[in-house]
Each structure stands twice: as C-alpha cells, then as structure tokens.
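Please read them alongside the model.

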Amino acid sequence: MSSATSSSASPRGLEGVVAASTRISHVFGEEGRLVYQGYEISELAGKVTYEEVCYLLWHGKLPNASELGQFNQQMRAQRTLPAAARATVRALPNDADPMDVLRTVISAAGVGLGIAGTPTYEQAVALTARFPTAIAMFARQREGKEPVEPRADLGHAANYLYMLTGTAPEDRHTQGLDTYLVLLADHGMNASTFTARVIASTESDLASCVVGAIGALKGPLHGGAPSLVLDMLDQIGDAANIKPWVDNALDHKQKLMGFGHRVYKTTDPRAEILREMARQASTPEFFALAQGTEEYALKELHRRKPDQRLYTNVEFYSASVLHSVGLARDLFPSTFAASRVAGWTAHVLEQLQGNRLIRPQSEYIGPQGLKFVPVAQR
Ligand code: ACO
C-alpha cells in the first residue's frame, strides 16, 4: 500500500488541528473568550477605536497618544483609491454582489499601488484604509450617485458612513459601527485568516493574500450569514410566527443563521456585546423579534441537539447593529471584510517571520493501478 493510502484521516474540517502559532488573537471556545494581543475583547469594546485595534494587531501594543495621532494621519492619507481601482469599480455592473466587487477592486488596488514582492506594514495600512472607500464608491454608483471623497477630519468608521451617504453620521451610528469593526477585526485561525496565511506562506504578495481571504469570507458558513439573519427575521415577521417558523426550519434540517460555531461551545462574547448594542440601536419591535427568535431558537436547538452545544454566534446581532446604522444588508459581508482585513494583514506579516510553506497532505481514497484505455475503446 502506498504511503498516501496509509496516512490516517485528519478530523473533518480540520477541527481541533493547530495550524499556526500566533500572538495576534485567540478564541477560548470553552470559556467564551476572545483575546487580542493579551486583551480580553470585553476590555476593548466600546473603549478603543478601530484604528487603535489595527495598531494593536499590527504592533502588539496599544498606541500612546502621539503614536495614535501619527497612525491616524497615516491611515487617512491612504484612503483614496488608485485610478486603476476606481476604473474597475466603474466597469462593474450595478447588480454585482458587493463581495465580488470588493474582491475585484482590492485586486485592482493591489495593481494600482504596485503591491508586489514581500508584504509590508505600509501595504497593510494602505489596503485597510481603502476598504471602506471601495465599498462606498460601489454602493453609491449602483444608486446612480457620484462617489463621496473621504474626509480627513473623520475617523475610519465615521468616514465610511460619510462616504456612503455624503452627510456626517450621527454619533450613535459611528459608535455602533466602530464597535462592530473592533469586535470583528481578528478571530484566531478562522477560514479566511488561514487562507491568507497559506497564500503568504508561498511568499506571494499582500494583495493576493487579502483577495484570497475575501473569497473565503464570502461563504455563508463564515462571513456571509448576517444578511441571511435579517432575511430569516423578515420571514418570521412577528412574535407569533417565531415558533412555527423555527420548528419548520429545524424539521426540514435547515440551519438557523447566526447560531453555532466551530470553536465556541458557549455564547460568543462578541454576540453578548452586540446584543446590548442592538438593544440600544434598534427599534423596540425589531429588537423584541430578534431576541424572541434567539431565545426560542436556542431552546429548540438545545432540546433537539443536546450534544452539539449550539449558541448564538457573532452574526446574529451583527445584522441588527449594521441594519440600525443604516447599511444595506448586502453590504454586511463586505463591512465584515473591512474590519477583518486588519487581522488578515497582521497574520500575513506574522506568517512571514520564520515562514515555512504551508503544505499539508491529503488522504488518498481513490483507486490505483488503472490501465489506460484509448478514447475510442472506452
Ligand atoms: N442550526 C441548526 N443546526 C445546526 C446549526 C445551526 N445554526 N449549526 C450547527 N448545527 C448542527 C448541524 O446540523 C449538525 O447536526 P447533526 O450532527 O445532527 O447533523 C451539528 O450541529 C454540527 O454542525 P456542523 O455544521 O458540522 O458544525 P461546524 O462546526 O462544521 O459548523 C457553523 C459551524 C458553520 C458556524 C455552523 O454552526 C453553521 O452553519 N451555522 C449557521 C451559519 C452561521 O451562522 N454562520 C456564521 C458563523 S460565525 C462566523 O464565521 C463569523
């Protein structure tokens, strides 16, 4: 027997496999904790800006006031899209999926920035600064509107909302989005971060790592779920329909969007924080529907699948928060990407310290020894 067939199978979905050593973040799934560079997420949320978290992920420490001032200037100076990226947005159809737009435009931005060779910190700053600009330009274009140029006096979250609407956002909307961006910026060895690290390990360029990560994030099992949560709540419609809708979905073996997680075996700490933000930001009717759905869904999931330890994940209340700050629901995944790009780029830079090509094996389960038969005789 060949060595390929004798290798033992890995756990399905590589569950529990440690794929890298990292200082950037860690998910303590049993305890429901998320740590960024030593800080519990509950220690940071609501107290730091997204820019401070970017600095933390890239530098391993929170900036002091003067470092933050310089860093903010550096980010703000990089917000404008290169001409190649702007031309790319203009060439895309208005009905394109915003994640496809983002993937394409960031690729063009990589060309426009001349991103090549070994990834650098400066490239990480430039790409991260440009995500909101690309999303907002497309969002306005499909409504027949001209792009709004970034405003250097606004922070990352406020400027994103400003570029979408052309008006300065309300403080509560800026705070809601900023906290969302802080909470989603990194999350251990999730699928898109792993993708970015695999690409980095081949010594490819940073734009390629980020474009691959966007592709991995797009799927509903990763970052594509929050708009599906809203679709679910729309279909449920009112409190009286929660039980029949959830029962019917589970009877038909459908997954409930916003529940379950590969690593968390208790409530996702980000969901706890977002639940409180959603309570403040949503209408009372909408929040009551979301919370009622959460409570009944958890009860039924625990009753039907007691061994699975299924809890609310980050996507469930992300949907409510992003909806309440005024984002169109199909922009939710790209807004998730606009946060996670900080984590992706931090991991790429970390991967390159003492890099070794990530190249696992597969278990061969196909036939062997087949004899070639010419096409006319098959
Ligand atoms: N609703 C109903 N049942 C569920 C759910 C759910 N949301 N999640 C898991 N299960 C059940 C599965 O049906 C399966 O049951 P079975 O063994 O009786 O068939 C069992 O729990 C294990 O499910 P898997 O899909 O194997 O779990 P895995 O760890 O691979 O997946 C995932 C985790 C993808 C998040 C899953 O829970 C899911 O699909 N959730 C819904 C989509 C979602 O919310 N995605 C966002 C994830 S958060 C993020 O990435 C930022």
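1. A search of the whole structure gives 23 salt bridges, a salt bridge being a side-chain nitrogen of Lys or Arg within 4 Å of a carboxyl oxygen of Asp or Glu. This is a predicted model, in which local features need pLDDT of at least 70 and side-chain atom pairs count only at pLDDT 80 or more, while totals for chains, interfaces and linings use all residues. Residues are numbered from 1 along each chain as its sequence is written, and side-chain values use heavy atoms, with hydrogens and water left out.

2. Asp330 and Arg142 form a salt bridge in which the closest N and O atoms are 2.6 Å apart. Asp330 sits in the loop between α16 (314-324) and α17 (332-351) and Arg142 in the loop between α7 (121-141) and α8 (156-165), so the pair ties together parts 188 residues apart in sequence. Helices here are DSSP runs (H or I, at least four residues), numbered from the N terminus. Asp330 is partly exposed at 31% relative accessibility, and Arg142 is partly exposed at 23%. The classes are buried (under 20% relative accessible area), exposed (over 50%) and partly exposed in between, with a 1.4 Å probe and protein chains only.

3. A salt bridge also joins Arg172 to Glu170, at 2.7 Å from N to O. Arg172 is partly exposed, with a relative accessible area of 48%, and Glu170 is partly exposed as well, at 42%.

4. What is the N to O distance in the salt bridge between Arg270 and Asp268? The distance is 2.7 Å, and both Arg270 and Asp268 are buried. Elsewhere in the list, salt bridges with shared partners link Lys243, Asp247, Asp251, Glu300, Arg303 and Arg304 into one network.

5. Helix α14 (residues 269-281) and α16 have axes that come within 8 Å and cross at roughly 30°. Axes are lines fitted to C-alpha atoms, for helices over the stretch in contact, and angles run from 0 to 180 degrees between N-to-C directions. The two helices are therefore roughly parallel; angles under 35 degrees count as roughly parallel, over 145 as roughly antiparallel, 65 to 115 as roughly perpendicular and the rest as oblique. On the α14 side, the contact (heavy atoms within 4.5 Å) includes Arg270, Leu274 and Met277, and on the α16 side Val314, Tyr317 and Val321 are among the residues involved. By class, the contact of α14 with α16 has eight nonpolar, three polar and two charged residues. Ala, Val, Leu, Ile, Met, Phe, Trp, Tyr, Cys and Pro count as nonpolar, Asp, Glu, Lys and Arg as charged, and the others, Gly among them, as polar.

6. The axes of helix α10 (residues 191-201) and helix α11 (residues 206-217) come within 8 Å and cross at roughly 150°, so α10 is roughly antiparallel to α11. Residues making the contact include Thr195, Ala196 and Ile199 of α10, and Cys209, Gly212 and Leu217 of α11. This contact of α10 with α11 has eight nonpolar, four polar and no charged residues.

7. Leaving aside neighbours within four places in sequence, Arg197 is in contact with Ala20, Ser21, Thr22, Met189, His347, Glu350, Gln351 and Ile358.
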